[in-house]
Amino acid sequence: MSPTTRSGLARAVPTVLLLAVTACTDETTPYPSSPFASTSQRTPTATAPAEPSDDKGTTMNIRLTVDGHRVDATLNDSATARDFAALLPLTLNLSDFHETEKIADLPRRLSTSAAPDAAEARSGDLAYYAPWGNFALFYRGSGSSDAGLIILGRVNDDTELLATATEVTIEAAS
């Protein structure tokens, strides 16, 4: 091989490699969103004009009948909350746990797909405790994050009657 051909080949190889690497990437596909990734690490994508936001489709209105008293509540749009909604209507006998929440066993375990690592419950929260597979109605805040506690939704009304509840019927609101 002549010296001219060899030097031309030496210049062409890096160019070919660079083209091969860039051809394998897709600039229109964003990097997975991560709370730890800075915006400079994400590839910008074109977005449609913003439409007015409404919560339809992201939450589900439910009704609790707590010892004969109706209480409105809302389930969030998590996979676990949707799995819980599939069990409705449901009547549960409640027992007190640590003077903070009323708990009951569910007929089966719920999906915990894509559930957060830990949550801190507040008064009025509806939750699922995955390690035990039970439902919880919080009438006081838990005061700390608890691994395995998945918030399903929230009671919209006064939560005082939850402290003395012994039975709850949960159904989809019409």
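Leu 64 is in contact with His 69, Arg 70, Val 71, Ala 73, Leu 126, Leu 137, Val 155, Val 168, Thr 169 and Ile 170, when neighbours within four places in sequence are left aside. The model in which these contacts occur is predicted. Leu 64 is also among the residues with the most contacts inside the largest nonpolar core, together with Phe 84, Leu 106, Leu 126, Phe 135 and Ile 170. That core has 29 residues. At least two of its residues come from each of strand 1 (60-66), strand 2 (69-75), helix 2, strand 3 (90-93), strand 7, strand 8, strand 10 (149-155) and strand 11 (167-172).

The chain as a whole contains two helices and eleven strands. Read from the N terminus, the order of these elements is α-β-β-α-β-β-β-β-β-β-β-β-β. The chain has 174 residues, of which 30% count as buried. Among contacts with a separation of 6 or more, 61% are between residues 24 or more positions apart.

Helix 2 (residues 79-85) includes Thr 80. This residue is buried, with a relative accessible area of 1%. Apart from residues up to four places away in sequence, Thr 80 touches Leu 110, Ser 111, Thr 112, Tyr 128, Ile 150 and Leu 152.

Strand 8 is mostly covered, with five of its five residues buried. In a regular strand, side chains alternate between the two faces of the sheet. In strand 8, Asn 134, Ala 136 and Phe 138 point one way, whereas Phe 135 and Leu 137 point the other way, and all are buried.

Strands 7 and 8 form a hairpin with four residues between them. In the turn, Gly 133 has a positive phi of about 75 degrees.

Three aromatic pairs are present in the structure. One of them joins Phe 97 and Trp 132 in an edge-to-face arrangement, at 5.3 Å centre to centre and with 90 degrees between the planes. This pair links distant parts of the chain, as Phe 97 lies in strand 4 (residues 95-97) and Trp 132 in the loop between strand 7 (125-129) and strand 8 (134-138), 35 residues apart. Both residues are partly exposed: Phe 97 has a relative accessible area of 25%, and Trp 132 one of 48%. The rings of Trp 132 and Tyr 129 also form a pair, which is edge-to-face because their planes stand at 85 degrees, with the centres 5.2 Å apart. Tyr 129 counts as buried because its relative accessibility is 18%, below the cut-off of 20%. Phe 97, Tyr 129 and Trp 132 together form one aromatic cluster.

Terms used
Residues numbered from 1 in each chain as written. Predicted model: local features only at pLDDT ≥ 70, side-chain atom pairs only at ≥ 80, totals over all residues. Heavy atoms only, no water. Phe/Tyr/Trp six-rings, centres within 6.5 Å; stacked < 30°, edge-to-face > 60°. Buried < 20%, exposed > 50% of the residue type's maximum accessible area, 1.4 Å probe, protein only. Contact = heavy atoms within 4.5 Å. Core = buried A, V, L, I, M, F, W, Y, C linked by side-chain atoms within 4.5 Å. Pairing = 2+ DSSP bridges.
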